[in-house]
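Biologist: I would like to learn how to read helix packing and pockets in a model. Could we go through one case step by step?

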Amino acid sequence: MGDARSDHPVDADDASDDPITDLETGFADLMRQGRIRLRNRARAVDPRLDPSNYPLIAMLASTDGSLPVSTLVAQLGLEKSTVSRQIDALVRLGLAERHADPHDARARLVSLTPTGRARVDHVADAAVADWRARLSEWDPEDIRTLTRLLNRLLVVDAEFEHDPA
């Protein structure tokens with residue numbers, strides 16, 4: 001595996017006069033690293049799992065039961081046809097299954113299979129252990145501050161209705 005660290009991270013010596021430009025550069029590096037992590041996590045769940053399906057399987061793992069397809073579509077921000085294809089892929093790999101919704105005959109629910117849950121839980125546990133090791137030298141209050149700021153940014157981003165690009 002390649003090194004996920006940026007070749008040119010923005011640090012205090014490289015910072016520009018514009019903090020927003022530096023933030024955008026930092027996010028670009030973070031997203032690239034995130035894609036690498038997604039790919040590695042997807043492969044750890046199943047070598048045949050497309051990395052683009054990892055957010056779906058992680059969302060399914062975040063609940064003890066089943067989720068309606070409509071909820072998955074809304075929370076992933078994807079088209080229904082895309083989510084349906086991703087669910088099909090997880091079902092073919094034996095990682096997820098569809099169920100009829102007992103409250104709505106037209107709706108379908110999706111859940112992880114026991115095998116899917118075990119694999120995703122193993123990968124998630126390894127990811128947490130990896131973050132603990134990476135941030136072991138950090139002051140816990142710095143981690144809390146970073147988490148608080150990221151959550152604050154997520155709220156602002158969710159409230160921002162259009163993409164300025």
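**Helix packing and a pocket**

Modeller: Start with two helices: α2 and α3 are oblique to each other. This is a predicted model, and the angle between the two helices is about 120°, with the axes 11 Å apart.

Biologist: What is the hand of the crossing of α2 and α3?

Modeller: That crossing is right-handed. On the α2 side the contact is made by Pro-55, Leu-56, Met-59 and Leu-60, and on the α3 side by Leu-72, Gln-75 and Leu-76. By class, six of these contact residues are nonpolar, one is polar and none is charged.

Biologist: How do α1 and α2 cross?

Modeller: Helix α1 covers residues 19–45, and its axis comes within 10 Å of that of α2, at a crossing angle of roughly 65°. For this reason α1 is roughly perpendicular to α2. The crossing of α1 and α2 is left-handed.

Biologist: Which residues of α1 and α2 meet?

Modeller: From α1 come Leu-38, Arg-41, Ala-42 and Val-45, which meet Tyr-54, Pro-55 and Ile-57 of α2. The contact of α1 with α2 has six nonpolar residues, no polar ones and one charged.

Biologist: At what angle do α2 and α5 pack?

Modeller: Helix α5 spans residues 114–134, and α2 packs with it at about 100°, the axes being 10 Å apart. The two are therefore roughly perpendicular to each other. Tyr-54, Ile-57, Leu-60 and Ala-61 of α2 make the contact with Arg-117, Val-120 and Val-123 of α5. Here too the classes can be listed: six nonpolar, no polar and one charged.

Biologist: Now the pockets. How is empty space found?

Modeller: A probe the size of a water molecule is rolled over the atoms, and this shows where empty space is left. In this model, the second largest pocket has a volume of about 150 Å³.

Biologist: Which residues line the second largest pocket?

Modeller: Its lining consists of Pro-68, Val-69, Ser-70, Lys-80, Ser-84, Arg-98, Arg-106, Ala-107 and Arg-108. Sorted by class, the lining has four charged, three nonpolar and two polar residues.

Biologist: Which element gives the largest share of that lining?

Modeller: Strand β3 does, with three residues. At least two residues each are supplied by α3 (69–76), α4 (80–92) and β3 (104–112).

Definitions and conventions
Residues are numbered from 1 along each chain as its sequence is written. This is a predicted model: local features need pLDDT of at least 70, side-chain atom pairs count only at pLDDT 80 or more; totals for chains, interfaces and linings use all residues. Side-chain values use heavy atoms; hydrogens and water are left out. On a 1 Å grid over the protein atoms alone, a cavity is a set of points where a 1.4 Å probe fits but cannot get out, and a pocket is an open set with protein on both sides within 12 Å along at least five of seven lines; lining residues have an atom within 4 Å of a point. Grid points are joined across faces, edges and corners, and a volume is the space filled by probe spheres set on the points. Helices (H or I, at least four residues) and strands (E, at least two) are DSSP runs, numbered from the N terminus. Ala, Val, Leu, Ile, Met, Phe, Trp, Tyr, Cys and Pro count as nonpolar, Asp, Glu, Lys and Arg as charged, and the others, Gly among them, as polar. Axes are lines fitted to C-alpha atoms, for helices over the stretch in contact, and angles run from 0 to 180 degrees between N-to-C directions. Angles under 35 degrees count as roughly parallel, over 145 as roughly antiparallel, 65 to 115 as roughly perpendicular and the rest as oblique. A crossing is left-handed if the near helix is turned anticlockwise from the far one by less than a right angle, and right-handed if clockwise. Contact means heavy atoms within 4.5 Å.
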